[in-house]
Amino acid sequence: MTSTPVFTIGTRGSPLALKQAEEVRDRLVAINGLEPDAIAIKVIKTSGDIILDRPLSEVGGKGLFTKEIEKALADGEIDIAVHSAKDVATEIDSLFALPAFLPREDVRDAFLSLIARSPDHLPEGAVIGSSSLRRRAQMKRFRPDFRAVEFRGNVQTRLKKLADGVADATLLAMAGLNRLGEAHRVTHILDVAHFPPAPAQGAIVIETRADDGAANRLVEVLDDPETRKRVEAERAFLKVLDGSCRTPIAALTTLNGDNLTLFGQILSPDGSEVYEDEISGDADQGRDLGTRLGEKLLAAAGPDFIERLKQGQYG
């Protein structure tokens with residue numbers, strides 16, 4: 001039986017983005033007792049999908065993957081936006097709300113290569129393909145002889161570039177590979193102790209208009225409290241660092257009962273300088289913990305580190 005859509009989800013058009021939107025739709029259908037076609041999915045092309053010839057850090061960073069979708073949300077073209085949480089800016093307009101984080105997927109990074117079974121086994125001067133400043137810096141820290149090349153595009157595009165020999169290896173999020181059913185392509189899974197992930201990696205977030213009571217009531221039942229606590233702490237950490245420079249940043253929380261531990265790391269793009277620390281406290285105070293840890297690492301790095309980053313004095 002066909003019904004008129006009750007709500008419309010807005011999403012990017014990549015296979016991974018569509019998988020995430022479909023997961024949200026399926027959960028909403030199941031929990032609210034709706035017909036499968038009661039929730040439509042609308043694909044919206046973002047600047048991040050169009051500008052593929054330059055690094056994200058040069059053309060606007062995180063907002064590139066959400067700006068056009070948020071405009072459609074504000075204009076009432078869609079009722080719900082589905083994002084990878086790591087793509088959402090740390091400060092969103094008061095017009096919007098983030099009422100639900102889905103249960104978090106695997107936070108780890110995956111190493112993919114056709115010539116080596118792990119980063120340790122890559123040859124001298126091997127080329128790493130990645131568009132992530134964090135991943136590139138972490139690999140340079142691990143092996144300063146590695147060279148990096150820009151690797152933009154969706155998961156399938158990056159896998160094809162790897163097959164075409166554009167790079168000797170690439171790094172991708174396990175969460176995305178799992179959702180796409182591509183985990184079998186993974187050569188080696190990186191240990192978070194040495195390669196901590198991006199803040200909010202592996203989490204899906206739903207964005208709505210703050211004053212849209214119907215949409216907020218519909219989706220808030222999907223909110224996973226543990227994921228929210230962890231991601232909010234990591235986003236608070238990122239917020240302190242995000243405004244000062246485009247620097248490689250990693251963060252990871254662990255929850256043990258009511259206690260939350262947040263590990264944070266900032267690096268120079270060439271991996272030659274690293275500042276990292278952790279903080280623990282009440283899980284309900286995650287945002288405060290994130291802010292405090294961000295400020296602590298900024299103080300440890302010092303103004304000279306930040307200034308050199310701004311002036312591009314690292315390789």
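Predicted model: local features only at pLDDT ≥ 70, side-chain atom pairs only at ≥ 80, totals over all residues.
Residues are numbered from 1 along each chain as its sequence is written, and side-chain values use heavy atoms, with hydrogens and water left out.

**The pocket.** Helix α9 gives the largest share, six residues. β4, α9 and α10 each supply at least two. By class, the lining has five nonpolar, two polar and six charged residues. Charged means Asp, Glu, Lys and Arg; nonpolar means Ala, Val, Leu, Ile, Met, Phe, Trp, Tyr, Cys and Pro; the others, Gly among them, are polar.

**The cores.** Nonpolar side chains tend to be buried together in soluble globular proteins. A nonpolar core is a set of buried Ala, Val, Leu, Ile, Met, Phe, Trp, Tyr and Cys residues joined through side-chain atoms within 4.5 Å. The largest core has 19 residues, and Phe237, Ile249 and Phe305 are among those with the most contacts inside it. Elements giving two or more residues to this core are α9 (225–242), β11 (249–256), β12 (259–267), β13 (274–282) and α10. Its largest share, seven residues, comes from α10. A second, separate core of 17 residues includes Ala21, Val82, Ile206 and Leu222. Contact means heavy atoms within 4.5 Å. Leaving out residues up to four places away in sequence, Phe237 touches partners including Ile249, Leu262, Leu293 and Leu297.

**Helix α8.** Helices (H or I, at least four residues) and strands (E, at least two) are DSSP runs, numbered from the N terminus. Which residues of α8 are buried? In this helix (residues 213–220) they are Ala215, Asn216, Leu218 and Val219. Down the axis of α8, the buried residues fall within an arc of 160 degrees, so they line one face of the helix. The arc is that of the directions from the helix axis to the C-beta atoms. Their cover includes β1 (7–11), α1 (15–32), β3 (80–84), β4 (96–101) and β10 (204–209).

**Single residues.** Buried means under 20% relative accessible area, exposed over 50%, and partly exposed in between (1.4 Å probe, protein chains only).

| Residue | Relative accessibility | Class |
|---|---|---|
| Ile306 | 11% | buried |
| Thr8 | 18% | buried |
| Ala200 | 1% | buried |
| Asp93 | 48% | partly exposed |

Ile306 is found in helix α10 (residues 286–310). Its C-alpha is 31 Å from that of Asn154, 152 residues away in sequence. Thr8 is found in strand β1. Among the residues that Thr8 touches, not counting those up to four places away in sequence, are Ala40, Lys42 and Glu77. Ala200 lies in the loop between β9 (188–189) and β10. Although Ala200 is not a glycine, its phi is positive, about 75 degrees. Asp93 sits in the loop between β3 and β4. The C-alpha atoms of Asp93 and Arg152 are separated by 27 Å, with the two residues 59 apart along the chain.
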